[in-house]
Amino acid sequence: MLLPVSNSTYTTPAQLINIRCGPGAAVLPAEVTRIHMDFALRLKGGHMGARKFWKEYLPRLKYHNPSVPMIVNRHDQNQLPPTMTIYLRKPNSSTAASSEPLAQPSSSRTNLSKAQPPTADERVVHIDMTNKHSSHILEFFMAETRAVPLQPTNEEIAEMQSLETLRKNADVDRERVRQLRLEKKKEEDMLKRARAAGGMAEQEEA
């Protein structure tokens, strides 16, 4: 699955807890065989919600469902509706056929990984994501897949609270440093003006 690229290869504790917890943290039922998203690189034409779903919720879904293929196909054709295709195993499908892994295409940003037709043992559900908010797309997704949301544990809640405290303290520290720099610059400017005024006075006396 092609996930949003971070500026750093190092995963911080805040990034890890953000992937584990929050909207989209859910376990998919065994009937869900694969997920496909198709949307444009640019936002015009109602593609913003699909992009935000990909960035905010899909990483959590993949984290908790690593065996479910999640293919993302992006392109430059904004006139096409952003669409999610959910592949579901039919109730009467044979276990042997369902257990055989299917070759899955890699995600693409050049329209090379279009949604494949379902197999004989699958049915598909399409979600039109045009002009839908990412949270509404998630609601449709949860309803169609019957995914089970995961609630954060007490340890995870404590970790999130600790990280939030650290973030707030860091904001306070940054603001204090900013104020100190402003004060220093103000003093330097006053000193420059004083020196300039002193130089002018010396010229007048001369």
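Author: Let's start with one term: a residue is buried if its relative accessible area is under 20%, exposed if over 50%, and partly exposed in between (1.4 Å probe, protein chains only). The model here is predicted, so local features need pLDDT of at least 70 and side-chain atom pairs pLDDT 80 or more, while totals for chains, interfaces and linings use all residues. Residues are numbered from 1 along each chain as its sequence is written, and side-chain values use heavy atoms, with hydrogens and water left out.

Reader: Okay, how many of the protein's residues count as buried, as a percentage?

Author: Of the 206 residues, 30% count as buried.

Reader: And how many helices and strands are there in the protein?

Author: Both are DSSP runs numbered from the N terminus: helices are H or I, at least four residues, and strands are E, at least two. In this protein you'll find six helices and six strands. Starting at the N terminus, the elements run α-β-β-α-α-β-β-α-β-α-β-α.

Reader: So how do I read one residue? Take E156: which helix is E156 found in?

Author: E156 sits in helix α6, which covers residues 154–205.

Reader: Is E156 buried or exposed?

Author: E156 has a relative accessible area of 16%, so E156 is buried.

Reader: Leaving aside neighbours within four places in sequence, which residues is E156 in contact with?

Author: Contact means heavy atoms within 4.5 Å. With those sequence neighbours set aside, E156 is in contact with I17, R20 and C21. Look at I17 in the structure: I17 and E156 are 139 residues apart along the chain, yet their C-alpha atoms are separated by 7.4 Å.

Reader: What about contacts in the whole protein: what percentage join residues at least 24 apart?

Author: Take the contacts between residues at least 6 apart in sequence: 85% of these join residues at least 24 apart.

Reader: Now rings, please. How many aromatic pairs does the count come to?

Author: Here's the rule: rings of Phe, Tyr and Trp (its six-membered ring) pair if their centres lie within 6.5 Å, and planes under 30 degrees apart are stacked, over 60 edge-to-face, and the rest tilted. By that rule the count comes to three aromatic pairs. In one of them, F53 and Y57 have ring centres 5.5 Å apart and planes at 80°, so this pair is edge-to-face.

Reader: Are F53 and Y57 buried or exposed?

Author: F53 is buried because its relative accessible area is 0%. Y57 comes out at 8% relative accessibility, so Y57 counts as buried too.

Reader: Which residues do the ring pairs link into a cluster?

Author: The cluster is made of F53, Y57 and F141.

Reader: Last thing: how do I read phi? What is phi of N131 near?

Author: The general idea is that most residues other than glycine have a negative phi. N131 is not a glycine, and its phi is positive, near 60°. You'll find N131 in the loop between β5 (122–128) and α5 (134–145).

Reader: Is N131 buried or exposed?

Author: N131 is exposed, because its relative accessible area is 67%.

Reader: And where is R146 found?

Author: R146 lies in the loop between α5 and β6 (148–149). R146 has a positive phi of about 60° although R146 is not a glycine. At 70% relative accessibility, R146 counts as exposed.
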